[in-house]
Amino acid sequence: MAIVFSGTKLPQTELAEIQKEIYADWGTFRDGDVTINENHKSSADVYESKAVVNMAAYSSAAVATGSDTLTVEKTPVSLTKVQFADTVDYNTLLDTRFERSMAGGAFNTVSSEFDNAVLQDISPAISETMEYATWDGATTAQKALIAGLTPGAAQGSISAGAQTLAAAMPVKLVNSLPAIILHNDSISKVVPGAGLGDYKKVLTITAITSANIAAQYALLYATLDPKVMKQEDMTIYAPLAHLQLIKIANNSVGAASNQNFLVEGDNVSYNGIKILFKPLVGFMIAAPKKYLHILMDLASDISQLKTGENANGAETYWYKNVQAFATWCTNQRYITLYGG
Amino acid sequence: MNAQKVFLNPFDRGVTYEQFLKSLPKGVSISNHLKGKCSQEQINWLKTELKKFKNK
């Protein structure tokens, strides 16, 4: 006997779990991998101080005015207010699995399953976006300022390679740390005000592979100002892909294989300096953590998501996350920028 | 008599790529011009840099 079926055939089962995107968390905000400065709304003054003293021949006479200098410089840093916001129309979820978790009544279209399984992804997605913004990207204005610098090979001038990397950075509403290190208006620089940062750059660099990564880190290490070597929070911030290249290099086959990097679980270091892997593109930053700053109103703003129902009978909902944000660097002469 | 161009080391502080390129004698390659004055590593990097500079 033939069975005759007319109509549309539909799947009768579904995977219980909704398959999720990965939202990376590189610890910049969670672990405070740079200095997170809170309680700033629109702008903040950053003070830097320096003392220069002179040795003089002993005298038992009264101390006269000498030539020691105590310098205090103040640089105002503006924060940019940004938001992540949109509306959600749950009606588009009708005729899907989410309909089952909607309360009875035609007015009720809020799906608790959708809220718990999908909408809650907004917070980690915002965190990931802010991580990227911290390490890569610049405003249109900042990109133009970096492009306008005069390139040269020696220390004290930007490399053409850095300008190429900055030009290729994604346009963002805020400036990443590399963009701020390259160009800023700190009053505490050798040449105060808007212009090239006071960073040290690594000369004669080349594209990094697993074969040359140890040599390139050696170049970076050799460029560091010896004064920073004993700083407890001295850190190398490296692109994410370096972790793989380092592990490949450490496990290379052959007589010439050398374990140039110390890898202990998630902790990686080079010559005793901790390496943190961040979504940097082309640049590496070697600096004491205390010299790299993020200014925010509250660090917890990053995960605060407000939601509500739209007004005037609309059956849509809104969500909004608001943050005040800026990156900054201090004691720039002690920051080494590979790729700078 | 042709005036001799002053040698400009691109790795000296304050020397820009523009100044260095202007100082290059006509018909002399960067490698030859810097031979003996800069390391091969420096010359290789400089050539990459100048390519990027010219493509700006």
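Colleague: Why is A:T327 called buried rather than exposed?

Modeller: In this predicted model, A:T327 has a relative accessible area of 4%. Buried means under 20%, so A:T327 is classed as buried with its 4%. The residue sits in strand β15 (residues 317-329) of chain A.

Colleague: Which residues is A:T327 in contact with, leaving aside its neighbours within four places in sequence?

Modeller: With those neighbours set aside, A:T327 is in contact with A:T134, A:N175, A:S176, A:L177, A:I180 and A:H293.

Colleague: What makes the pair of A:T327 and A:N175 a polar contact?

Modeller: A polar atom of the A:T327 side chain lies 2.7 Å from the backbone oxygen of A:N175. The cut-off is 3.5 Å, and the distance of 2.7 Å therefore falls within it.

Colleague: What area do chain B and chain A bury between them, and how many residues does the contact take from each chain?

Modeller: The two chains bury about 1,300 Å² between them, 66% of it on carbon and sulfur atoms. The contact takes 17 residues from chain A and 15 residues from chain B. On the chain B side, B:R13, B:W45 and B:K56 supply 42% of the area buried against chain A, more than any other three residues.

Colleague: How many salt bridges and polar contacts does the rule find across this interface?

Modeller: The rule finds zero salt bridges between chain B and chain A, but four residue pairs in polar contact, both residues at pLDDT 80 or more.

Colleague: Which element of chain B gives the most to the side that touches chain A?

Modeller: Helix α3 (residues 40-54) does, with seven residues. The residues of that side of chain B divide into seven nonpolar, two polar and six charged.

Technical notes
Residues are numbered from 1 along each chain as its sequence is written. Chains are lettered from A and ligands numbered from 1 in the order in which they are written. This is a predicted model: local features need pLDDT of at least 70, side-chain atom pairs count only at pLDDT 80 or more; totals for chains, interfaces and linings use all residues. Side-chain values use heavy atoms; hydrogens and water are left out. Contact means heavy atoms within 4.5 Å. Buried area is the accessible area (1.4 Å probe) that two parts lose on being put together, summed over both. A salt bridge is a side-chain nitrogen of Lys or Arg within 4 Å of a carboxyl oxygen of Asp or Glu. A polar contact is a pair of N or O atoms within 3.5 Å; within protein, one must be able to donate a hydrogen and the other to accept it, and residues adjacent in sequence count only if both atoms are side-chain atoms. Helices (H or I, at least four residues) and strands (E, at least two) are DSSP runs, numbered from the N terminus. Ala, Val, Leu, Ile, Met, Phe, Trp, Tyr, Cys and Pro count as nonpolar, Asp, Glu, Lys and Arg as charged, and the others, Gly among them, as polar. Buried means under 20% relative accessible area, exposed over 50%, partly exposed in between (1.4 Å probe, protein chains only).
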